[in-house]
Amino acid sequence: MSIIIKDLSKFYNKTPVLDNLSLKIKTGSVFGLLGPNGAGKTTLVSILNHLISKDSGSIEIYGYDFENQKNEIKKISSYIPQTYAFYPNLTSYENLEFFGALYGLKGKNLEKQISYCIQSTALEKFMNKRAFTYSGGVKRRLNIAIGLLNSPKIIYFDEPTVGIDPQSRKYILDVIKNINKTHDTTIIYTSHYMEEVEFLCDEIAVLDKGKILLQDKKDILMKKKSIIEIELQNETLEVDISNSYDIFINIISDLKVKNQTINSIKFPDKSLENIFLSLTKEGLRD
Amino acid sequence: MFKYILKKELLLISRDIHALMVLFIMPAVFILIMSLALKNTYSDNFETKLKVAVISNENIDITNLISDLNKSAYFSAKLISKDSYKSLIYEKNYDFIVEIDKDFKNRINKNDKTFEINSFSSANISKEHFSILKNTIVEIISKTIMKDYFIKSKIDAKVLSVLNEKVTNTYIYKDDIQKAKPSSVQQSVPAWLVFSMFFILIPISNTFINEKNFGTIARIRSINVSLFPILLGKIIPYFIVNQIQVIIMILIGIYIVPLCGGDSLIINGNYLLIFLMSSAISMAAICFALFIANISKTTEEATSIGGVTNIILAALGGIMVPKFVMPQFMQDITLYSPMSWGLEGLLEIFVRGGNFTDIKFYLLYLLLFATISLLLAFILLKKGKN
């Protein structure tokens, strides 16, 4: 396990933002953290990055104790915030050079790592242009490039595709997938976009009001989406249609032959969004 | 790592054109304007003499009075036939109208106490200028009457005519070395230099607040790096900028102000002491800027709080108006402005030829102010984590 969280709580003015939250994240997985506004996603990511303190509970990251091995954890982690956390008046190269130096890189190592980050995010054309001149998509790519400088074992992406065009979004999702595949990097990905999480993540957790409402592998969740429920008079049949509808048609024919009454047939929700909405309720959030 | 922190900060400053204008163009313009505007305050004579219209009838006494007034360093007098006072002051631009009886001398000799000399001026004429006019007229008349008396009494008192030149003033310097006379540029260069050094607040707060609001500080905090080199990385580049300001403003005082008709800056003190003072002022200004940047949420807020605070500190600190023209209670208030500590320290060196002992308390106050501001900034930065 890359991250083990036990009974984590955080209060703001006596109101719980994270409420006895427990979570396990597998090494090398892409973990999607879904939740409406104010669910506690950013608080959780901020705590995991030592940006804010927790009130109770224990955390272990890659076997390191969260409190006593802070520096070791920081060395293997990278935080890519939702905001453009770089200097708009510096070029991509200058930004990468500065942050690379903060990560302790120097000389040829620094140059090598900068060129790897530039290549990984296709920033070659923008290397010597000041960042304030970039489009939203290019800014997001630079934001990610900076997060790759320390070759992290774990990267926290906080809604990295907000406000960009579909092409840039697709490119960024591919970059993240590629990082995970080639370096076995654990990715913690928070987002509002269900299709992104569906596309990217191996495991998904839905967080609301500081509590985990659901955590499962994407395959299992998707499977839940492929179950048709047939309600009979005395029992309910669950039919898995993930492979084909034939089995469903056969069962219906069978029931007809046996002259059994079908009370109702419940078809699965079409998307993860429906699961999300049914868990977190559909009411508007602040 | 530190090299790249410095490089980043220096690149950001060099690309902030508005901050550069505030740091370099603003004080240069102020030094030029104020050196020229205050020139008369420090001069033995007025470059533009005050125009005096004498209203009387012509006779030898009036002619002599006007001639003696014209010999003074401050007045240009003319006999004028009676006219509207408003027209003389507001249309013909006389500074003073002096109404005097043509028979004034005889009446004084006869001890006629109803005798009056009336002066009129616009409301913006200073009391000091009226005082100079009054003293000059009293001196001229007294000398004329005494001269007549000495002639009548056959007393040889030729020395009376050079009495004015006999009263002299010599400046005493702390290091006992005779130096050039004080000039307006010696007041304005240190004053506007201190003022502009405190305006380092603009680029510091701009960078720092953007770092906070864009999440850059959060990103830096998530990296395994202590806050100390980050804060130091902010102090050193701005310290260098402050020292460049010092050099440029001194050069402007020495070479540019004289080209515009002002006096050239002559530094009476030790350059090492100037560096010590400018370092202490710089530390106070930078640490104060870091504190303001930490209590502000937006760059607009920081610019407003910092700008207003700087202007108040400047007004209280004798930057905008020289301290010696302030009434005593205002002079006492200046003791509480860090800008005043900076200015007084520099004036000790620039004007009075002071040594380390003369500036040590100013250095101490400034460094104490810097330490408190830095501590508060550090505490607020740390507190931001929670």
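Helix α5 (residues 136–147) of chain A lies across β6 and β7 of chain A, at about 165° to β6(A). Helices here are DSSP runs of H or I with at least four residues, strands are runs of E with at least two, and both are numbered from the N terminus. Axes are lines fitted to C-alpha atoms, for helices over the stretch in contact, and angles run from 0 to 180 degrees between N-to-C directions. One caveat before going on: this is a predicted model, where local features need pLDDT of at least 70, side-chain atom pairs count only at pLDDT 80 or more, and totals for chains, interfaces and linings use all residues. As for labels, residues are numbered from 1 along each chain as its sequence is written, while chains are lettered from A and ligands numbered from 1 in the order in which they are written.

So what do β6(A) and β7(A) belong to? They sit in an open sheet of six strands of chain A, in the order β6-β7-β8-β3-β9-β10, with mixed pairing. Two strands pair if DSSP finds at least two bridges between them. In general, strands of a sheet pair through backbone hydrogen bonds, either parallel or antiparallel. The edges of this sheet are β6 (77–80) and β10 (211–217) of chain A, each pairing on one side only. On average, neighbouring strands are turned by 15° against each other, direction ignored.

At the β6 end, β6(A) pairs with β7 (residues 154–158) of chain A in the parallel sense, over four bridges. Another helix of chain A, α1 (residues 41–48), lies across β3 (30–34), β7, β8 (186–191) and β9 (203–208), running at about 150° to β7(A).

Now zoom out to the whole of chain A. It has ten helices and 13 strands, and its C-alpha atoms fill a box of roughly 80 × 45 × 35 Å along the principal axes. Of its 286 residues, 39% count as buried; a residue is buried with 20 or more other C-beta atoms within 10 Å of its own, exposed with 12 or fewer, and partly exposed in between, the C-beta atoms being placed from the backbone. The chain is divided into domain 1 (3–218) and domain 2 (226–268), whose C-alpha centres lie 43 Å apart. Those bounds come from an automatic or database domain assignment.

Two backbone angles in chain A are worth a look. Most residues other than glycine have a negative phi. A:Asp7, however, has a positive phi near 50°; this residue is in strand β1 (residues 3–12) of chain A and counts as exposed, because it has 12 C-beta neighbours inside 10 Å. A:Tyr62 also has a positive phi, about 50°. Its place is the loop between β4 (56–61) and β5 (64–65) of chain A, and with 17 C-beta neighbours inside 10 Å it counts as partly exposed.

Over to chain B, which has 17 helices and four strands. Its C-alpha atoms fill a box of roughly 100 × 50 × 40 Å along the principal axes. The radius of gyration is 28 Å, whereas a compact globule of 386 residues would have one near 21 Å; that value is taken over C-alpha atoms, and the globule rule is 2.2 Å times the number of residues to the power 0.38. Chain B is divided into domain 1 (2–40 + 183–383) and domain 2 (44–166), with C-alpha centres 48 Å apart. Of the 386 residues, 38% count as buried.

One of the buried residues is B:Ser340, with 23 other C-beta atoms within 10 Å. B:Ser340 lies in helix α16 (residues 338–350) of chain B. Leaving aside neighbours within four places in sequence, B:Ser340 is in contact with B:Leu316, B:Gly317, B:Gly318, B:Thr334 and B:Leu335, contact meaning that the C-beta atoms, placed from the backbone, lie within 7 Å.

Finally, where do the chains meet? In the interface, 19 residues of chain B are in contact with 24 residues of chain A. On the chain B side, α1 (2–14) and α11 (216–222) each supply at least two residues, and α11(B) gives the most, with six. By class, that side has nine nonpolar, five polar and five charged residues. Here Ala, Val, Leu, Ile, Met, Phe, Trp, Tyr, Cys and Pro count as nonpolar, Asp, Glu, Lys and Arg as charged, and the others, Gly among them, as polar.

Key:
Two residues are in contact if their C-beta atoms, placed from the backbone, lie within 7 Å.
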